[in-house]
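The sequence and structure come first, followed by the pairs and their surroundings.

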Amino acid sequence: MDTFRAASSNARERSDPTISLIGVVDDDESVRDALSSLLRSAGYKCAVFPSAEVFLDSGCLGGTDCIVLDVRMPGMSGPDLQRRLRETNGSHPIIFITGHADDLVRERVLNEGAVACLSKPFSDEELLGAIRLALEPSNH
């Protein structure tokens, strides 16, 4: 199984610098596959990662315009990755997704700069709306 897969719907997208790259970090392969398909169909480039550690080691951070990040994962959690990124780079907008609704965690990640925190299941439009918001220049 690939631990990292960049997904793009055609060659033009891979070479077009105006198309945003969305990083998806989730330990659930079915979620990664579904979100990758959704994002490509919406015109984004997408790179998927099974863990925060694989994402950090991938070398993709610099080219990533927005991160869709699961809250609970084995190893480094989503909020832990958020803290690490804020300490080192600070400029990547993050959208959290979670299957474990927790108001305290939601409040904390939003207070620490996340653009949104969506509870699974969420609609395609909820996620795409959050991504559009995250990509606004004021969120970089």
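Glu112 is partly exposed, with a relative accessibility of 24%. In this predicted model, salt bridges with shared partners connect Glu112, Arg86, Arg83 and Asp80 in one network.

Arg86 pairs with Glu112, and their closest N and O atoms are 3.3 Å apart.

## A pair within helix 4

Asp80 and Arg83 form another salt bridge, with 2.5 Å between the closest N and O atoms. Both residues sit in helix 4 (residues 78-88), three residues apart, or about one turn of the helix. Asp80 has a relative accessible area of 33% and is partly exposed; Arg83 is partly exposed as well, at 24%.

Asp26 forms a salt bridge with Lys120, the closest N and O atoms lying 3.1 Å apart. The pair links distant parts of the chain, 94 residues apart: Asp26 is in the loop between strand 2 (21-25) and helix 2 (29-41), and Lys120 is in the loop between strand 6 (116-119) and helix 6 (124-134).

Is Asp26 buried or exposed? Asp26 has a relative accessible area of 0%, so this residue is buried. Lys120, at 28%, is partly exposed.

## Total

The count for the model is six salt bridges, including Asp26 with Lys120.

Key: Residues are numbered from 1 along each chain as its sequence is written. This is a predicted model: local features need pLDDT of at least 70, side-chain atom pairs count only at pLDDT 80 or more; totals for chains, interfaces and linings use all residues. Side-chain values use heavy atoms; hydrogens and water are left out. A salt bridge is a side-chain nitrogen of Lys or Arg within 4 Å of a carboxyl oxygen of Asp or Glu. Helices (H or I, at least four residues) and strands (E, at least two) are DSSP runs, numbered from the N terminus. Buried means under 20% relative accessible area, exposed over 50%, partly exposed in between (1.4 Å probe, protein chains only).
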